[in-house]
Amino acid sequence: MAASYVAAGELLLSVNKRTSILYPKTSCLIRGINTTSFRRHSESQPRAKSDPQLLVGVVGLEIHAQISSNTKLFSGSQVRFSAPPNSLVSFFDGSLPGTLPVLNRRCVEAAVMTGLALNCTINRKSLFDRKHYFYADLPAGYQITQQRRPIAVDGILTYSLHGGRKRSQVIRKTATIKQIQLEQDSGKSLHDDVHGQTLIDLNRAGVGLMELVMEPEMSCGEEAAAAVRELQLILQALGTCQGNMSEGQMRVDANVSVHEPGEPLGVRTEVKNINSIRFLAKAIDFEIRRQIDVLQRGGRVQNETRAYDSKSGETIPMRDKEGLQDYRFMPEPNLPPLMVYEDNASLPSGIDASQMVVVQKIREGLPELPSVKRDRLVQTYGILPEHSFTLVNEDGLVEYFEAVLKATKKEPRKVIGWVTNELLGHLKQRDMSVSQSPVSAPALAELLELQETGHISSSVAKRVLQEMWRSPGTTALQIIQEQELGLVSDAPQLHSICQEVVDSHPEEVQAIRNGNKKVLNKLMGLVQRETKGRADPVLVRAILQEKTS
């Protein structure tokens with residue numbers, strides 16, 4: 001294979017000596033042209049207004065999700081992140097003459113499963129097309145995609161936002177999924193400005209993608225971020241995409257325009273390849289403000305592709321889109337129509353069902369989706385909706401929460417605070433995942449059970465949890481015994497301490513006797529300080545009430 005690449009490189013050496021492409025054990029030179037596909041909003045331009053509040057943003061998304069598969073879409077090459085450059089490239093991936101595509105059934109099943117989860121119509125017959133453009137990391141000069149008839153259309157993504165004065169209200173919204181199409185990924189270009197060359201890694205070339213196209217129905221970055229996060233959770237639950245944006249497994253293009261309500265959509269810009277949900281929200285909100293500012297100053301929004309600079313927090317122009325290029329779409333001659341079947345009864349006679357994609361079988365295997373899981377958590381355990389979002393958004397946290405509940409008699413509403421505040425707080429401080437927690441679910445359950453049965457106070461329980469983080473493997477009971485943190489319930493001892501507090505705070509005592517019962521909490525805090533948080537709060541309150549009555 002390397003020899004073929006060398007020959008190709010020698011043939012193109014005279015074209016351009018400023019762009020390099022790396023292959024195993026050899027360096028070749030090839031020319032690249034920076035192009036990309038895009039869709040347009042309406043080209044009508046909103047009139048400039050003196051009041052920027054009269055203009056509103058409109059956002060549509062195009063999301064490329066890398067399919068979780070061991071091999072590529074049309075070849076047997078492995079899919080693995082951070083492999084040595086050009087070490088996972090087959091003859092077909094490198095577009096050697098005479099090579100033919102062989103469709104990966106796993107990728108088709110993943111697309112069908114994703115379409116079903118998003119309430120799409122699954123096309124029983126879909127088609128592959130060639131989309132022609134020349135770029136150095138696209139060896140064939142075209143991409144195999146589904147332009148005329150994709151595998152799934154007309155879906156709905158339901159997502160939620162936090163709203164209200166305290167952002168405690170859950171607001172549900174929907175986004176229309178126009179289509180889901182299967183297509184190849186391109187390779188990766190690494191631009192070396194110092195040496196004036198571009199290095200090409202073809203490991204990613206041919207990896208299977210699902211492109212999900214959302215209609216321009218969202219109005220701001222927060223909505224777009226919430227929609228993408230919900231989609232990410234769905235794909236992860238399905239196992240069709242790992243959704244790790246930092247590794248390029250999900251890449252988002254945002255189509256942004258502004259217009260006056262009731263008027264046609266304005267000229268849009270496309271912000272390309274956003275690889276973070278947080279950056280997605282910031283990029284969209286900046287672009288909306290930028291376009292409104294341009295129009296308020298009497299200018300015109302240019303139909304262009306932009307990139308988001310996370311350091312400056314701004315979008316920057318990449319290239320003009322006014323000259324819409326012709327991709328010369330044509331049917332892919334080496335692939336027949338892709339057929340999927342509703343059930344086994346619809347299969348042609350003599351066909352092995354295990355070799356076909358059967359929709360009913362995939363539908364029956366759908367897992368519990370995030371929205372269903374959140375509703376189940378609220379209904380089963382009586383927790384707040386916002387707590388269900390926290391649980392579902394953190395990988396493995398639902399399972400951790402339910403494991404704690406099984407091992408303790410503590411009420412779910414009391415356990416949820418320990419899991420979402422204490423445990424998750426420790427994890428966030430250390431940038432750790434739930435699976436990396438040194439405090440297991442049974443260990444936390446033991447700690448909560450000791451608190452629930454009156455062996456320790458809540459303040460001591462938090463101290464013990466910190467010790468458990470510092471000393472992994474040490475049980476809560478061991479820490480309590482070693483540091484003598486058990487609850488003080490000796491009545492004579494507490495009577496003595498409470499009496500000292502009452503005698504030294506006559507003004508507070510008088511306030512309580514005058515009807516200000518809240519001051520009693522201050523005296524209780526002083527008693528807890530004297531006992532280092534070990535005093536039985538129920539007994540202390542009863543004693544103080546007696547002494548201040």
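Predicted model: local features only at pLDDT ≥ 70, side-chain atom pairs only at ≥ 80, totals over all residues.
I started in helix H11 (residues 458-470), where Arg470 and Glu467 both sit, 3 residues apart, about one turn of the helix. Their side chains meet in a salt bridge, 2.5 Å from N to O. I looked up Arg470's exposure too: at 55% relative accessibility, Arg470 counts as exposed.

**Salt bridges, continued**

I got a count of 25 salt bridges. Buried or exposed, what is Asp129? I find Asp129 buried, because its relative accessibility is 1%. Arg148 comes out at 43%, so I logged Arg148 as partly exposed.

Then I checked Lys522 and Glu508, whose side chains form a salt bridge at 2.8 Å, N to O. Here too distant parts of the chain are linked, with Lys522 in helix H15 and Glu508 in helix H14, 14 residues apart. Lys522 is partly exposed at 45% relative accessibility, whereas Glu508 is buried at 15%. I also noted one network, in which salt bridges that share partners join Glu287, Arg290, Glu304 and Arg306.

**Helix H15**

I stayed with helix H15 (residues 519-530), which has 12 residues. From first C-alpha to last I get 17 Å, close to the 16 Å expected at 1.5 Å a residue. Its buried residues include Val519, Leu520, Leu523 and Met524. What do the buried residues of H15 pack against? I see helix H13 (491-503), helix H14 (506-513) and helix H16 (537-548). After H15 comes Lys532, with a positive phi near 55 degrees.

**The sheet**

I traced an open sheet of 9 strands with mixed pairing, in the order E4-E8-E9-E12-E3-E13-E14-E15-E16. Strand E4 (121-122) and strand E16 (314-320) are the edges, each pairing on one side only. Inside the sheet I picked strand E13 (residues 250-259) and strand E14 (residues 269-274), which pair antiparallel over 4 bridges. Asn255 has Glu270 in E14 as its bridge partner. Helix H4 (residues 277-296) packs on the sheet and touches strand E3 (56-66), E13, E14, strand E15 (304-309) and E16. I have the direction of H4 at about 25 degrees to that of E13.

**Cysteines**

I counted 0 disulfides. I looked at two cysteines anyway: Cys107 is buried at 1% relative accessibility, and Cys241 is buried with a relative accessible area of 1%.

Note on methods
Residues numbered from 1 in each chain as written. Heavy atoms only, no water. Disulfide = S-S within 2.5 Å. Buried < 20%, exposed > 50% of the residue type's maximum accessible area, 1.4 Å probe, protein only. Pairing = 2+ DSSP bridges. Helix = DSSP H or I, 4+ residues; strand = E, 2+ residues; numbered from the N terminus. Contact = heavy atoms within 4.5 Å. Axes fitted to C-alpha atoms, helices over the stretch in contact; angles between N-to-C directions. Expected span 1.5 Å × (residues − 1). Salt bridge = Lys/Arg side-chain N within 4 Å of Asp/Glu carboxyl O.
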